[in-house]
Amino acid sequence: MAETTPVGAKPSLFSPYKMGNFNLSHRVVLAPMTRCRALNSIPNSALLDYYTQRATNGGFLITEGTMISPTAAGFPHVPGIFNKEQVEAWKKVVEAVHDKGAVIFCQLWHVGRASHQALQPGGIAPVSSTDKPISKRWRVLLPDGTYGVYPKPHKLNTHEVPELVQQYCQAAINAIEAGFDGIEIHGAHGYLIDQFTKDGINERTDEYGGSLHNRCKFIMQVVEAVVSAIGASRVGVRISPAIDHLDAMDSDPLNLGLAVIDRLNKLQRDCNSKLTYLHVTQPRYTAYGQTESGTHGNADEESRMMRTWREAYQGTFICSGGFTRQLGIEAVANGDADLVAYGRLFISNPDLVLRLERNERLNKYVRATFYTHDPVVGYTDYPFLKDDTEKIAPVSRL
């Protein structure tokens, strides 16, 4: 754990931290959140405004899930990073964020079966580790604004899997070309990678299914390919072993998390270079039914798992999922995380870092505008504090 807190002093949510090659001035992270404002999958001026509003000197931002290929979409109007036009558009966003002294990573995203023919090129079936559809408990947002049922996916043949690995690799290369400081591999929340790792979804009998070793193969092939392409120091990984979002259940989430962490630790030793971070979502997170207090499930069991994973991982540890100001302060002070990522609170409070530091009242978020396509309403129109002068040191990008 490489941080700059004085010896003997407890780290604070607002104290500096050295994350790999980046000297951050605080530990409040913008979590990746789908916002559906990139019309036709091209980042635009609305995205530039949104991210620069939330950028602080010395801050760290992770973009919304960004498609690695035309088949990766799970929502309408989400950005991509798989073609030249998208790369050029992202350059403007990244440059504006850098001008405010912040670090920004691009989250690489493929939703797998969490899609619909209406979101797929040519109306094809979405791909997955399985041919089992997501249950009717969940609904998919369609381009016309209605919600539909998730369809039966195409179960990837063994020989088709390496093509997906290559898509992640190329997307990472594209992100660096766009100027991003690094990328986050989205291996969580019931999306494609999670569909391979979770035994509640993956019923494969080939080299990618069955044993825990086999189920970890896809995620590690993706991580290894991306690390080989852009370097470990530019790569973060997000996992959510204990979350059942989109039917992503596992019979032994504790050991699933440990298995992935053990492999990431080994990769770091083998290449003699640290990944930028591991990002783990608290089990209390869920898209539907989460209480405003953030509680979901057995709190003691959640804490035990998170602490076990935190102690096992050899590097920077980010946690997210339902954090309040107090929970974030406690997580850092108690050593449960190095950095804390905030989602919904950052949606409605573009100056969240300042508000948390001063313990100011927070704007309330409006759920109804989370996934609309309006470039302003519910996106960049939340008010700032009247006195929003920042007193945070600039970041150093080495």
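Visitor: What makes E11 and strand E12 (residues 277-281) a pair?

Guide: In this predicted model, four bridges join E11 to E12, and the two run parallel. Pairing asks for at least two bridges, so four bridges qualify E11 and E12 as partners. One place to look is Arg-238, whose bridge partner in E12 is His-279. Between the two strands the chain passes through helix H7 (residues 253-271), and this β-α-β crossover is right-handed.

Visitor: And what joins E10 to E11 on the other pairing?

Guide: Five bridges, again with the strands running parallel. Gly-187 stands opposite Ile-239 in E11 there.

Visitor: Why is E11 called largely enclosed?

Guide: Five of its five residues are buried, so the rest of the structure largely encloses E11. Val-235, Val-237 and Ile-239 point one way from the strand, while Gly-236 and Arg-238 point the other way, and all are buried.

Visitor: How do you know that the strands close into a barrel, and in what order do they come?

Guide: Follow the eight strands in the order E3-E4-E5-E10-E11-E12-E13-E14; the pairing is parallel. Neighbouring strands are turned by 25° against each other on average, direction ignored. Then check E3 (residues 28-30) and E14 (residues 339-342), which pair in the parallel sense over three bridges. Since a pair needs at least two bridges, E3 and E14 count as paired. Val-29 stands opposite Ala-341 in E14.

Visitor: Why is the ring pair of Tyr-51 and Trp-90 called tilted?

Guide: The ring centres are 6.4 Å apart, and a pair needs them within 6.5 Å, so Tyr-51 and Trp-90 qualify. Their planes stand at 55°; stacked would need under 30 degrees and edge-to-face over 60, so tilted is the name that remains.

Visitor: What does that pair tie together?

Guide: Tyr-51 lies in helix H1 (residues 45-53) and Trp-90 in helix H2 (residues 84-99), so the pair ties together parts that are 39 residues apart in sequence.

Visitor: Are Tyr-51 and Trp-90 buried or exposed?

Guide: Buried means under 20% relative accessible area. Tyr-51 has 1% relative accessibility, so it counts as buried, and Trp-90, at 0%, counts as buried too.

Visitor: What makes Phe-105 and Tyr-277 a tilted pair?

Guide: Their centres lie 5.8 Å apart and their planes at 40°, so the pair is tilted. Phe-105 belongs to strand E5 (residues 103-109) and Tyr-277 to strand E12, 172 residues apart. Both Phe-105 and Tyr-277 are buried.

Visitor: How do you know that a charge sits over the ring of Tyr-208?

Guide: The charged end of Lys-217 sits over that ring, 5.3 Å from its centre, and the distance limit is within 6 Å.

Terms used. Residues are numbered from 1 along each chain as its sequence is written. This is a predicted model: local features need pLDDT of at least 70, side-chain atom pairs count only at pLDDT 80 or more; totals for chains, interfaces and linings use all residues. Side-chain values use heavy atoms; hydrogens and water are left out. Axes are lines fitted to C-alpha atoms, for helices over the stretch in contact, and angles run from 0 to 180 degrees between N-to-C directions. Buried means under 20% relative accessible area, exposed over 50%, partly exposed in between (1.4 Å probe, protein chains only). A crossover is right-handed if, with the strands pointing away from the viewer, the path from the first strand over the helix to the second runs clockwise. Rings of Phe, Tyr and Trp (its six-membered ring) pair if their centres lie within 6.5 Å; planes under 30 degrees apart count as stacked, over 60 as edge-to-face and the rest as tilted. A charge sits over a ring if NZ of Lys or CZ of Arg is within 6 Å of the ring centre and within 35 degrees of the ring normal.
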